[in-house]
Amino acid sequence: MDKFVVTIARGFGSGGRTIGKMLAEKLGVKFYDKELIRIASDESGINEALFGQSDEKTRNGIFGKPGIYKGEVIAPGKSGFISEENLFNYQAMVIKKLASEESCVIVGRCADYVLRDEPHVIRVFIYADEEQCIKNAADVKGITDRKEAIKTITATDKERAAYYKAHTGREWIDARNYDLCLNSGDLGFDKCVDIITDFIKVKLG
C-alpha cells in the first residue's frame, strides 16, 4: 500500500480517538494526538503549556480572534509569535511535515483542512448518538453522572466546532469536509476500523 494519512475528527464520546488508535495499530503506523503539541513546542521553542491552553479550543486572547490558516508561521521576535493563530500554525506545520514523511493516523486539530490538497489523505469524521456518547464518556472518562456527561459532551463539541470554524472558516460537522462520516454507535469500533481500512485500499489502491 502506498503512503497514506488518515485524519480523524470526532465528537466527544464517539470513540474517535480509540478508533484512530486501533486503526494505527492494525495498519502498523504511528498514531498522533497530544504528541502533536509536544512536537510543535519543540519545533517552535514555545512553551508546551501554551499549546495546551488552546488545544482544540479558541480563547481569543490579547492577539484577538485567530485567522483562517494560510500555511505560514510567524517567526520568533515578531508580533503574534505566541498568538493562538501562530500556535495553530506551528501544529499545522508539524502535521504537514508528518504527512510528507510517513503513513500515520492524526486525530483532531483541523488536520483534514491542513491537508485538504493532499491526494493521499483520507478524512474521517466519527460521531454517535447522545446515549452512546454518554455511555462512552462513562466507560472511558469515568463520567458517570448523566447531567455532567451531557454538559461535557455539549461543551467540548461546541469548543471543537468554534476552533474548527476559527481556523478553517468551515463548519466542523459539514459532511463535505470528509471522505467518510461513520456512526460508531451503530457500527461499533471494530467495524469502523474495517471500513476505513477498506476505504484506504479503494482510494489509494
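**Pocket, cavity and a buried loop**

With four residues, α6 gives the most to the lining of the largest pocket. The model described here is predicted, so that local features need pLDDT of at least 70 and side-chain atom pairs count only at pLDDT 80 or more, while totals for chains, interfaces and linings use all residues. Residues are numbered from 1 along each chain as its sequence is written, and side-chain values use heavy atoms, with hydrogens and water left out. Helices (H or I, at least four residues) and strands (E, at least two) are DSSP runs, numbered from the N terminus.

The largest pocket holds about 520 Å³ of space. Of the 24 residues that line this pocket, Arg10, Phe12, Arg17, Lys141 and Arg160 are the closest to its centre, and the elements that give two or more residues to the lining are α1 (16-27), α6 (130-141) and α7. By class, the lining of the largest pocket has 11 charged, nine polar and four nonpolar residues, where Ala, Val, Leu, Ile, Met, Phe, Trp, Tyr, Cys and Pro count as nonpolar, Asp, Glu, Lys and Arg as charged, and the others, Gly among them, as polar. Pockets and cavities are both found on a 1 Å grid over the protein atoms alone: a cavity is a set of points where a 1.4 Å probe fits but cannot get out, a pocket is an open set with protein on both sides within 12 Å along at least five of seven lines, and lining residues have an atom within 4 Å of a point. Grid points are joined across faces, edges and corners, and a volume is the space filled by probe spheres set on the points.

The whole structure has one cavity of 30 Å³ or more, and the largest cavity contains about 110 Å³ of space. Among its 16 lining residues, Ala9, Glu56, Gly108, Arg109 and Cys110 lie nearest the centre; β1 supplies the largest share of the lining, four residues. This lining has nine nonpolar, five charged and two polar residues.

Arg109 lies in the loop between β3 and α5, and Cys110 lies in the loop between β3 and α5. Arg109 counts as buried because its relative accessible area is 2%, where buried means under 20%, exposed over 50% and partly exposed in between (1.4 Å probe, protein chains only). Phi of Arg109 is near 55°, a positive value in a residue other than glycine.

Asn177, in the loop between α7 (146-168) and β5 (180-183), is buried because its relative accessibility is 9%.
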